[in-house]
Amino acid sequence: MKKCQWKRKIDKRKKRNETDKGIVDFVMVIRHFFQCLPEWISEIKDPRNISYITYTQADLIYMGLLKNVCSVNSMKQMEDFFNEENCIRTLSLLSGDRELKEMPHSDTLNYYLSRLSPECLQLLRTRMIRTLIRSKVFNLLTCFVILIT
C-alpha cells in the first residue's frame, strides 16, 4: 500500500512540474539567493530608445534567465513554452511590471540583447556567482567542475 502512495506522490510532483514548468523553483531561488537582483538589473543602462519601450529591462532579463534555466533551446520554443497566463503572471511578479499583459516576443528579446553591452551581462553574472560563493552554496570546486564540462 505504501508503494502506491509513493507513486501517487511522484505523479503529483510530475504533474506540478508540467504545469509550472520549473518557474516556481526559479522564483524561489531568485527570492532566496538573489534579493539584490532587481537593484542590479535597474543599474544596467538601457540601450533602447525611450519612446519605443513597451517592456521593462527586468521583463526582458528575467525572460532570458527563465529561458536558460528551464532549458528552452530556441526562441521559438520559448514563445510556445512561456506564452501562458501563469507564466505571464510569474514574470510580472518577478519584474514588478504590473502592466504586463503578454510575454515579450522573441524578436524583442533578441533586439534588446543585441543592443545591450556584453559587459553589463557579464557584471550581472559575476554578481550572481559571487553571491552564491559568499553564501557558501556554490563552492570553487563546483565552479571548476562546471567550467571543465
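1. The model is predicted. Its secondary structure consists of nine helices and zero strands, so the order along the sequence reads α-α-α-α-α-α-α-α-α.

2. Among contacts with a separation of 6 or more, 63% join residues 24 or more positions apart. Of the protein's 149 residues, 34% are buried. The accessible surface is about 10,500 Å², and carbon and sulfur atoms make up 57% of that area.

3. The largest nonpolar core holds 34 residues, and the members that touch the most others are L37, Y62, F82 and L124. Two or more residues each come from α2 (23-33), α3 (37-43), α4 (57-69), α5 (75-82), α6 (85-95), α7 (106-115) and α8 (118-134). Helix α4 gives the most, with six residues.

4. What does Y62 contact beyond its neighbours within four places in sequence? The partners are F26, I30, L37, P38, I41, L91, L94 and S95. One of them, L37, is also listed with Y62 among the residues that touch the most other core members.

5. D59 deserves a separate look. This residue lies in helix α4 and is buried, yet has no salt bridge.

6. Outside the four places on either side in sequence, D59 is in contact with L91, S95, D97 and L100.

Terms used: Residues are numbered from 1 along each chain as its sequence is written. This is a predicted model: local features need pLDDT of at least 70, side-chain atom pairs count only at pLDDT 80 or more; totals for chains, interfaces and linings use all residues. Side-chain values use heavy atoms; hydrogens and water are left out. Helices (H or I, at least four residues) and strands (E, at least two) are DSSP runs, numbered from the N terminus. Buried means under 20% relative accessible area, exposed over 50%, partly exposed in between (1.4 Å probe, protein chains only). Contact means heavy atoms within 4.5 Å. Accessible areas come from the Shrake-Rupley method with a 1.4 Å probe; for residues, only the protein chains shown count as cover. A nonpolar core is a set of buried Ala, Val, Leu, Ile, Met, Phe, Trp, Tyr and Cys residues joined through side-chain atoms within 4.5 Å. Lys and Arg count as positive and Asp and Glu as negative; His and the chain ends are not counted. A salt bridge is a side-chain nitrogen of Lys or Arg within 4 Å of a carboxyl oxygen of Asp or Glu.
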